[in-house]
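Biologist: Could you take me through one part of this model in close detail and then show me how the rest of the chain is packed around it? I'd like the cut-offs along the way, please.

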Amino acid sequence: MIDGDGFRPNVGIILSNAERRLFWGRRVGQNAWQFPQGGIKSDETPLEAMYRELEEEVGLLPGQVKVLGCTRGWLRYRLPKRFIRRHCGPICIGQKQVWYMLRIQCGEGDFCLDRSEKPEFDAWRWVRYWYPVKDVVYFKRRVYERALQELAPLLYPDGAPAQDLLSPQALQGSRGYLRQRRR
């Protein structure tokens with residue numbers, strides 16, 4: 001489903017734990033990391049799509065998370081020209097996303113990255129709040145920054161931590177890769 005402006009409706013999912021660290025997933029077979037996200041089907045609301053994507057990509061069910069809130073409107077990013085598929089229609093020039101901030105209410109052992117036929121992630125870790133802005137693929141950085149800025153008060157009611165200008169490695173604060181290969 002592509003809108004009249006060429007944007008695919010999508011949801012983005014920011015999962016947090018009790019320490020206010022964020023889930024950071026590695027795309028299968030790549031050294032590319034991102035938040036869970038996925039398209040909204042024509043018969044779904046953004047909330048329904050978020051729960052479906054959460055189960056497909058991370059293996060979590062609605063009762064295992066608490067929805068803290070979502071962005072007020074669509075956040076858009078454009079794809080670089082080399083990623084636009086011009087041989088199929090309608091042409092998608094980017095994505096428009098509603099972002100959800102969730103807090104897990106389960107153990108890390110409940111995560112299952114291969115719940116769907118085509119897993120999106122093969123590893124994950126917890127990272128500091130602003131780390132994803134520095135580590136995500138360049139054309140998504142502004143959307144990630146806008147989503148994190150808008151949703152920060154949900155995790156940090158007294159003010160979000162300052163964005164650190166250090167390298168991604170210094171910002172990481174991860175517990176290492178956790179691999180999940182269950183069916």
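**From a helix residue to the aromatic core**

Modeller: Happy to! Let's start at Q149, which is partly exposed because its relative accessible area is 40%; buried means under 20%, exposed over 50%, and partly exposed is what falls in between, for a 1.4 Å probe and protein chains only. Please keep in mind that this is a predicted model, in which local features need pLDDT of at least 70 and side-chain atom pairs count only at pLDDT 80 or more, while totals for chains, interfaces and linings use all residues. Numbering runs from 1 along each chain as its sequence is written, and side-chain values use heavy atoms, with hydrogens and water left out.

Q149 belongs to helix α3 (helices are DSSP runs of H or I, at least four residues, and strands are runs of E, at least two, numbered from the N terminus). Setting aside neighbours within four places in sequence, Q149 touches W130, R142 and Q163, where contact means heavy atoms within 4.5 Å. The C-alpha atoms of Q149 and A160 are 8.3 Å apart, for a separation of eleven residues in sequence.

Now for the rings. Phe, Tyr and Trp rings (the six-membered one for Trp) pair if their centres lie within 6.5 Å; planes under 30 degrees apart are stacked, over 60 edge-to-face, and the rest tilted. That rule gives 16 aromatic pairs. W24 and F35 form an edge-to-face pair, because their planes meet at 75 degrees, with centres 5.2 Å apart. W24 sits in strand β2 (residues 22-27) and F35 in the loop between β3 (33-34) and β4 (37-39), so this pair links parts of the chain eleven residues apart. Both W24 and F35 are buried. F35 also pairs edge-to-face with W99, since the planes are at 70 degrees, with 5.9 Å between centres. Here the link spans 64 residues, from the loop holding F35 to W99 in strand β7 (residues 94-104). W99 is buried, as is F35.

Beyond its neighbours within four places in sequence, W99 contacts G12, I13, I14, F35, G69, C70, T71, L75, V143, Y144, A147 and L151. Of these, C70 counts as partly exposed because its relative accessibility is 37%. C106, in turn, is buried, because its relative accessible area is 19%. The whole structure has zero disulfides, a disulfide being a pair of cysteine sulfur atoms within 2.5 Å.

Elsewhere, ring pairs join F23, F111, F121, W124 and W126 into a cluster. The charged end of K96 sits over the ring of W74, 4.7 Å from its centre, and R76 lies over the face of F7, 5.6 Å from the ring centre; this requires NZ of Lys or CZ of Arg within 6 Å of the ring centre and within 35 degrees of the ring normal.
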